[in-house]
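Subject: Structure handover

Hi,

Here is the structure for your files. My notes on it follow below.

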Amino acid sequence: MIELRQYLKPLPLIAVLRGITPEEVPAIAAVLFDAGFRILEVPLNSPRPFESIERLAHDFGGHCLVGAGTVIMPSDVARVRDSGGALIVMPHGDTAVVREAKRLQLTCIPGAATPTEAFAALAAGADALKMFPAEALPPGALKAWRAVLPNDTLLFAVGGIKPDNMAPYWTASANGFGTGSHLYKRGADAGAVRSAAAAYAAGFRALTR
């Protein structure tokens, strides 16, 4: 398994493809890959999500970390793996889901909104933490978490992240971001996603100049 940090090097952004269909996957994933995205998730409340994950894994699994988001039940973890997925992303911090993901040797990024949830997820084996929803967790909260969490903890700000509001989280030591509806909306064509992806890439690169 490639270390999670390797997938962050081109662009530390997770593409959340909520609502995508298997038929849309090739074109949408291709423009995201061209823009530098290397972590792609299909939330399980999307249409036929396991088919989409299977197609993503087939077409991009050799170059990207692909898998599922909105994983709620431990029983879904094996289905993601069997579809070719290698990533489990959660909106919550259910340690049973985390432990099942690690038992099956998948990368797991659970959601956390408090330090209590963050420490519990890490103790269960989480590879990174998704600060969610970021709208309710300002950069100051991230800075406070940094003071107490292990130094090597990967933290992603997720929820309401746009190209123009990443800067304060990056300054507060976020390792990356997750973005959904501002990048891909259900039914969006490849041209629209290409423009949105380019805006995110430009927004991030402006932070590192």
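At the start of α5, a side-chain oxygen of Asp94 comes to within 2.9 Å of the backbone nitrogen of Ala96. That is a polar contact (a pair of N or O atoms within 3.5 Å; within protein, one must be able to donate a hydrogen and the other to accept it, and residues adjacent in sequence count only if both atoms are side-chain atoms).

This is a predicted model: local features need pLDDT of at least 70, side-chain atom pairs count only at pLDDT 80 or more, and totals for chains, interfaces and linings use all residues. Residues are numbered from 1 along each chain as its sequence is written, and side-chain values use heavy atoms, with hydrogens and water left out.

Helix α5 spans residues 95–103. Helices (H or I, at least four residues) and strands (E, at least two) are DSSP runs, numbered from the N terminus. Val97, Val98, Glu100 and Ala101 of α5 are buried. Buried means under 20% relative accessible area, exposed over 50%, partly exposed in between (1.4 Å probe, protein chains only). Those four cover an arc of only 165° around the axis, so they sit on the same side of α5. The arc is taken from the directions from the helix axis to the C-beta atoms. The buried residues pack against α4 (75–82), β4 (87–89), β5 (107–109) and α6 (115–123). After α5 comes Gln105, with a positive phi near 65°.

Now Arg5, in helix α1 (residues 4–8). Arg5 is partly exposed, at 35% relative accessible area. Beyond its neighbours within four places in sequence, Arg5 contacts Asp152, Leu154 and Asn175 (contact: heavy atoms within 4.5 Å). A polar atom of the Arg5 side chain lies 2.8 Å from the backbone oxygen of Asp152.

Best wishes
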